[in-house]
Amino acid sequence: MMTKKTAAIMTLGCRLNQADSALLSDRLRKLGFEIVSTDAPSSPNLIIVNSCAVTAVASKKSRQALKAIRGENPQSFIVMTGCSAVVDGKELNKLDECDLILSNEQKKEIEYILPRYLAYLDSNNTKPEKTDAESTIFNEQTETYFPFKTRAILKVQEGCENFCTYCIVPYARGKERSRDLEETLADFKQLVAAGFKEIVLSGVNICNYKCGETDLVGLIERLLEVPGDYRIRLSSTEPGPIVPALVRCMAENPEKICAFLHLPLQNGSERILKEMGRKYTAAEYAEMIADARKLIPNLHLGTDLIVGFPGETEADFKESCAFMKKIGFSNIHVFPFSPRQGTPAEKMPGRVVGDELDKRLEALKEIKSASASAFAESMLGQREVVLVETKRSNGVCEGWSGNYIKIKFKDEKSEPKTLVPVICRKILPDGSLAAEITE
């Protein structure tokens, strides 16, 4: 009889996947598993690969990770879940590397789907044959568990109904749903009680959170009623009607809500935004940003940008670059267009490829670097609060500010998982800031 079952989770992709993995960890823990790292000395009995498929490259990396995990752990029972399990399910079913494929929805019912495997573990019988899991109802009914992290990611929303012409996510994640308010509050409280100093609200489109009459701003206001030494960070938020109210809420609670907004722009050309099926114009986006910067000092503004969307002309690209420079983002995630099977953009003509695509990517990387440097420069002399993540033997601490700048400072007393106020003094060669302790 096996007395100790171990499980590991490899997480690829977005913060929502990290939040899902934390929920999976708690479910497995309640089933009697000890959660271990994927690089544990002994192969875990169970390994879950929580995959990504936002681009074709992400799907490929998910398959490569699956094959590597199987190669290193030939006797483990391996479950493939996440967006690649949904989008690439037919292809994955042909592989021998995984024993079970679960959709995103089925993550929430893993304790009901795995009993055959659990019986295999306890009886030392032959590994069961691969089987297709049955569809289940969306229901969390568990808590977020992060055994190896300094910050926690709290899932509050799932799914997307924007159906941008290039995006596979609505097909992989399904319709929009919001997590029950009371369950979200309870999970948040236990994370605060567990000592997490930063809790990140995550979802596919958290700006569309809606539980009864409570929208995202209402949810945050309820969370802020919870006493404790913590701060809230918003994960990626789609530009939309709630942004002005959200910004006001952030401005009214500067000590509790990080001065951080990641608003995916995707393109700075009005014409391309329309072709993408985005729900705003570049002018509307610029107005949102201007209003946010008036209210929130030292705001970190991040974004995503797709280069080489089908039909993107040289004029469109120049318009996009000019817009990026005008806004002055703190950080830019640049992606080449990735055709996803089943999306309208897959069949659109005029795809940018080869040397021209490479040239545009390089131009945007230069804008990205210049913008990041300007933001770092603007932070010199400013007071920020750092969540310490690591501390070296020489007393040098490293962590992230509320507005998401990597900061290093020396202090013998500060420890990981604590919030420490500092003054930013110098830009280091790696782009991080050197700082000193303050009150």
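Which residues point one way from E3, and which the other way? In this predicted model, Leu-46, Ile-48 and Asn-50 lie on one side of strand E3, Ile-47, Val-49 and Ser-51 lie on the other, and all are buried. Here buried means under 20% relative accessible area, exposed means over 50%, and partly exposed covers the values in between, with a 1.4 Å probe and protein chains only. Residues are numbered from 1 along each chain as its sequence is written. Because the model is predicted, local features need pLDDT of at least 70 and side-chain atom pairs count only at pLDDT 80 or more, whereas totals for chains, interfaces and linings use all residues; side-chain values use heavy atoms, with hydrogens and water left out.

Strand E3 spans residues 46-51, and 6 of its 6 residues are buried. Helices (H or I, at least four residues) and strands (E, at least two) are DSSP runs numbered from the N terminus. Two strands are taken to pair if DSSP finds at least two bridges between them. Strand E1 (residues 5-11) runs parallel to E3 and is joined to E3 by 5 bridges, with Met-10 opposite Val-49. E3 also pairs with E4 in the parallel sense, over 6 bridges. Within this pairing, Val-49 stands opposite Met-80, and the bridge partner of Ile-48 is Val-79.

Strand E4 (residues 77-82) is largely enclosed by the rest of the structure, because 6 of its 6 residues are buried. Both faces are covered, with Phe-77, Val-79 and Thr-81 on one side and Ile-78, Met-80 and Gly-82 on the other.

Cys-52 is found in the loop between E3 and helix H2 (56-72). With a relative accessible area of 13%, Cys-52 is buried. Contact means heavy atoms within 4.5 Å. Leaving aside neighbours within four places in sequence, Cys-52 is in contact with Leu-12, Gly-13, Asn-17, Ala-58, Ser-59, Ser-62, Cys-83 and Ser-84. Between Cys-52 and Val-200, 148 residues apart in sequence, the C-alpha to C-alpha distance is 19 Å.

A nonpolar core is a set of buried Ala, Val, Leu, Ile, Met, Phe, Trp, Tyr and Cys residues joined through side-chain atoms within 4.5 Å. The largest such core has 65 residues, and those with the most contacts inside it are Phe-188, Leu-216, Leu-246, Leu-261 and Leu-364. Helix H12 (residues 282-295) supplies the largest share of this core, 6 residues. Another core, of 15 residues, lies apart from it and includes Ile-9, Ile-48, Ile-110 and Ile-113. Not counting residues up to four places away in sequence, Leu-246 touches Cys-207, Leu-216, Val-217, Ile-220, Leu-234, Thr-237 and Leu-261.

Helix packing was examined next. Axes are lines fitted to C-alpha atoms, for helices over the stretch in contact, and angles run from 0 to 180 degrees between N-to-C directions. The axes of helix H9 (residues 216-224) and H10 come within 9 Å and cross at roughly 20 degrees. H9 and H10 are therefore roughly parallel to each other, a description applied to angles under 35 degrees, with those over 145 counted as roughly antiparallel, 65 to 115 as roughly perpendicular and the rest as oblique. Leu-216, Val-217, Ile-220 and Glu-221 of H9 meet Ala-245, Leu-246 and Cys-249 of H10. For helix H10 (residues 243-252) and H12, the axes come within 9 Å and cross at roughly 15 degrees; these two helices are likewise roughly parallel to each other. Their contact is made by Val-243, Val-247, Arg-248 and Ala-251 of H10 and by Met-288, Ala-292 and Leu-295 of H12.

An open sheet of 3 strands has the order E14-E15-E16, with parallel pairing. Its edge strands, E14 (260-262) and E16 (331-336), each pair on one side only. Neighbouring strands of this sheet are turned by 10 degrees against each other on average, direction ignored. E14 and strand E15 (residues 300-307) pair over 3 bridges, and His-262 stands opposite Gly-302 in E15.

Two loop residues show backbone angles of note. Most residues other than glycine have a negative phi. Phi of Tyr-404, however, is near 60 degrees. Tyr-404 lies in the loop between strand E18 (396-401) and strand E19 (406-410) and is partly exposed, with a relative accessible area of 24%. Lys-417, also not a glycine, has a positive phi of about 70 degrees. Its place is in the loop between E19 and strand E20 (419-427), and at 40% relative accessibility Lys-417 counts as partly exposed.
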